[in-house]
Amino acid sequence: MYHQAVFDEPIILDLKGRRTIKIPLENQKFRVDIPEMMKRGSAGIGDREEFSVIRHYVKLSEMNFGTDSGFYPLGSCTMKYNPKINDEIAVLEGFRMIHPLQDSNDVQGALKLLYELAESLKIITGMDEMTLQPLAGAGGEFAGLSIVRAYFECTKQLDTRREVVVPDSAHGSNPASSHMAGFDVVQIPSAPDGTVDIEKFKEAVTEKTAAFMITNPNTLGIFEDKILEMANYAHSKGALLYYDGANLNGIMTKTTPAKMGFDIVHLNLHKTFSTPHGGGGPGAGPVGVVEKLKDFLPYPMITFDGDRYHDDYVPPKTIGKVASFFGNFGVLVRAWTYIKMMGEEGLRDACETAVLNSNYMRKKVQEFMSVPGKTLKKHEFVASSVGASMPKAGDIAKHLIDNGVHAPTIYFPLIVPEALMVEPTESATKAEMDLFIETVRQTLKLPHETFEKEPVNLKVTRIDDVDASKNPRPTLRMLRKEHKEPLQQVI
Ligand SMILES: *Cc1c(COP(=O)(O)O)cnc(C)c1O
């Protein structure tokens with residue numbers, strides 16, 4: 001029987017206990033003279049002593065589920081194990097204690113690392129140049145589409161090329177970032193086999209198209225085998241091709257977006273390259289481009305003159321900055337470590353194992369649930385719990401997590417009803433996958449009343465989904481205002 005740790009932990013502001021003492025400034029070894037204008041009276045985070053604060057956060061972490069807790073098959077999110085060596089390297093003093101405004105001569109090692117990481121990612125994607133600056137996948141998309149925009153502005157076609165063509169199986173961030181970059185979104189439907197409907201694609205891609213944006217393997221885990229035909233067609237209409245490479249697990253070392261004809265790629269280091277993610281960051285969404293687009297990349301770029309590294313190159317037609325300095329440096333160190341530790345052989349092994357695991361699970365799950373689209377999958381697959389006797393995807397998910405098995409992604413992609421999107425990654429063991437499969441198999445046999453109150457073994461039990469989405473109160477201030485009383489009594 002599984003029980004998540006459940007504590008009645010107040011928010012940190014309401015923690016009771018001893019207060020910290022303030023060490024008079026004169027006694028401090030490293031006295032810092034903060035300018036008057038920048039001083040705050042209080043940081044507003046309470047004043048409890050260290051051990052209360054540590055216990056508070058340890059308790060919160062125990063009420064959580066992460067890749068360090070167990071199998072985490074969250075499709076499209078690639079929740080693979082994050083090796084601890086990544087953290088050890090990232091906290092080395094030479095990396096941890098440097099400042100982005102330091103003279104480049106003093107931080108040659110850090111610049112070398114960033115340069116090498118970009119070089120590795122260029123090989124992995126086949127792109128000609130790479131920026132590490134964007135802080136997330138969606139941030140990479142926005143940077144990439146801003147490059148599309150700048151390119152057509154520069155070639156004086158922006159007035160007529162207003163559209164980005166996106167399949168209906170796309171991640172929601174694709175149409176969102178296209179829109180944010182100022183384009184109109186044209187959605188194309190999928191064929192019954194789960195790949196892009198090529199006839200509809202040809203109707204949609206015209207001289208008005210700025211870019212065709214797609215992820216391959218797509219969100220059903222299926223490799224778009226007509227990708228070269230699509231790429232040639234889109235190029236023949238003068239459009240650019242954007243590859244959403246958030247999840248490269250299913251193809252890395254086997255092929256590259258460049259070989260598939262793409263001009264722009266973003267990667268999620270916090271998925272494929274084993275850096276931490278979830279809870280809003282920190283992430284990293286590097287963007288690679290082909291030769292003709294490299295002058296548009298964000299600045300500054302790191303260059304190497306054969307002897308020293310420089311951090312001040314400004315590409316002549318740059319779109320500007322999309323984040324400060326070089327992005328999330330600590331995350332980039334972790335990805336560099338992972339790639340160095342794995343080498344080409346290790347990355348190939350990760351890719352093959354991820355695909356093998358996914359197909360092992362797909363084959364077993366198919367015995368009791370439908371798995372739409374072509375049979376052979378890459379790194380993930382989508383099952384559907386549609387049918388009168390089946391519990392809803394949301395109920396299955398809640399039942400799983402109540403039993404210590406992390407739920408897959410549900411209700412995505414939108415083209416599959418009652419979708420359960422499973423991605424084991426290369427980290428999963430056979431025992432973990434078998435436990436997941438068996439738990440799902442048993443769940444489907446339960447009477448529907450079972451699910452009404454679940455989950456019961458977690459700190460957060462069944463929430464009112466409709467109220468949560470129609471009437472969200474995401475901040476403490478909003479909650480307090482609504483209840484006109486201290487938060488403690490509210491939760
Ligand atoms: C996760 C994901 C994104 C967005 O990445 P974030 O880092 O969450 O912004 C985009 N596309 C696909 C296919 C994804 O799986």
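Asp 434 and Lys 430 both sit in helix α11, 4 residues apart, which is about one turn of the helix. Helices (H or I, at least four residues) and strands (E, at least two) are DSSP runs, numbered from the N terminus. The two side chains meet in a salt bridge with an N to O distance of 3.0 Å. A salt bridge here is a side-chain nitrogen of Lys or Arg within 4 Å of a carboxyl oxygen of Asp or Glu. Asp 434 is partly exposed, at 23% relative accessibility; buried means under 20% relative accessible area, exposed over 50%, and partly exposed in between (1.4 Å probe, protein chains only).

This is a predicted model, in which local features need pLDDT of at least 70 and side-chain atom pairs count only at pLDDT 80 or more, while totals for chains, interfaces and linings use all residues. Residues are numbered from 1 along each chain as its sequence is written, and side-chain values use heavy atoms, with hydrogens and water left out.

The whole structure holds 20 salt bridges. Side chains of opposite charge can pair when their charged atoms come close. Some of the pairs are listed here.

| Salt bridge | N to O distance |
|---|---|
| Asp 8 and Lys 459 | 3.3 Å |
| Lys 254 and Glu 352 | 2.5 Å |
| Asp 225 and Lys 374 | 2.8 Å |

Asp 8 and Lys 459 form a salt bridge. Asp 8 lies in the segment before α1 (50-62) and Lys 459 in the loop between α11 (430-443) and α12 (465-470), so this pair ties together parts that are 451 residues apart in sequence. Asp 8 is exposed, at 74%, whereas Lys 459 is partly exposed, at 34%.

Lys 254 pairs with Glu 352. Lys 254 is in the loop between β5 (240-245) and β6 (264-267), and Glu 352 is in helix α9 (residues 329-365), so the pair joins parts 98 residues apart in sequence. Lys 254 has a relative accessible area of 43%, and Glu 352 one of 37%. Lys 112, Glu 116 and Lys 340 are linked in a network of salt bridges.

The domain assignment, automatic or from a database, gives domain 1 (89-341) and domain 2 (349-462). Their centres, taken over C-alpha atoms, are 30 Å apart. In the contact (heavy atoms within 4.5 Å), 25 residues come from domain 1 and 21 residues from domain 2. Across this interface the rule finds 2 salt bridges.
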